[in-house]
Amino acid sequence: EISSDCEVHTFDPMRAGTWKTPPHVQYHAATLGMEPPAKSLADLVKDLGHVGRKIDLFKIDCEGCEWETYRSWLGSGVDIRQILVELHWTSFDQVNPEK
């Protein structure tokens with residue numbers, strides 16, 4: 001059981017209603033990224049009025065945006081306690097940049 005004090009937010013570029021989410025999950029049709037129409041994590045935090053709050057668990061699987069956005073996560077206006085990220089590589093150079 002999830003505490004009533006816990007907020008769960010999910011962000012996906014698909015319009016609301018595309019995915020079935022549990023009643024305690026707040027769905028946001030938004031894309032994480034650094035170039036419009038995507039929004040940075042700082043912009044999403046500001047839009048939600050969450051500046052200065054804590055994120056106990058930040059889990060991200062953004063199909064490649066992690067490489068352009070990871071530096072901005074820590075300067076997003078919230079205190080992130082744990083980060084879980086699924087990494088996606090688009091080329092061998094991202095895995096072995098020295099080669």
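Colleague: Which residues of helix α1 are buried?

Modeller: Leu-41, Leu-44 and Val-45, in a helix running over residues 41-48. Keep in mind that this is a predicted model, where local features need pLDDT of at least 70, side-chain atom pairs count only at pLDDT 80 or more, and totals for chains, interfaces and linings use all residues. Residues are numbered from 1 along each chain as its sequence is written, and side-chain values use heavy atoms, with hydrogens and water left out.

Colleague: What makes a residue buried, and what makes a stretch a helix?

Modeller: Buried is under 20% relative accessible area, exposed is over 50%, and partly exposed is in between (1.4 Å probe, protein chains only). Helices are DSSP runs of H or I with at least four residues, strands are runs of E with at least two, and both are numbered from the N terminus.

Colleague: Why do you say the buried residues of α1 line one face?

Modeller: Seen down the axis of α1, they fall within an arc of 100°, so they line one face. The arc is taken from the directions running from the helix axis to the C-beta atoms. An α-helix has 3.6 residues a turn, so residues three or four places apart point the same way. On the face of α1 turned away from the buried side sit exposed Lys-46 and Asp-47.

Colleague: What do the buried residues of α1 pack against?

Modeller: They pack against β1 (8-12), β4 (58-60), α2 (66-73) and β5 (79-80), where contact means heavy atoms within 4.5 Å.

Colleague: Why is Glu-35 called exposed?

Modeller: Its relative accessibility is 56%, so Glu-35 is over the exposed cut-off. Glu-35 is found in the loop between β2 (25-29) and α1.

Colleague: What makes Arg-53 and Glu-7 a salt bridge?

Modeller: The rule asks for a side-chain nitrogen of Lys or Arg within 4 Å of a carboxyl oxygen of Asp or Glu. Arg-53 and Glu-7 come in at 2.9 Å, N to O, so the pair counts. Arg-53 is in the loop between α1 and β3 and Glu-7 in the segment before β1, 46 residues apart. At 36%, Arg-53 is partly exposed, and Glu-7 is also partly exposed, at 38%.

Colleague: How many salt bridges does that rule give?

Modeller: Three. One of them joins Asp-47 and Lys-39 at 2.5 Å, N to O. Asp-47 is exposed at 51%, while Lys-39, at 33%, is partly exposed. Arg-81 also bridges to Asp-56, with the closest N and O atoms 2.9 Å apart. Arg-81 lies in the loop between β5 and β6 (83-85) and Asp-56 in the loop between β3 and β4, so the pair ties together parts 25 residues apart in sequence.

Colleague: What counts as a pocket, and how much space lies in the largest pocket?

Modeller: On a 1 Å grid over the protein atoms alone, a pocket is an open set of points where a 1.4 Å probe fits, with protein on both sides within 12 Å along at least five of seven lines; lining residues have an atom within 4 Å of a point. The largest pocket holds about 990 Å³, where volume is the space filled by probe spheres set on the points, with grid points joined across faces, edges and corners. Among its 30 lining residues, the closest to the centre are His-9, Thr-10, Phe-11, Leu-57 and Phe-58.

Colleague: Which element gives the most to the lining of the largest pocket?

Modeller: β1, with five residues.
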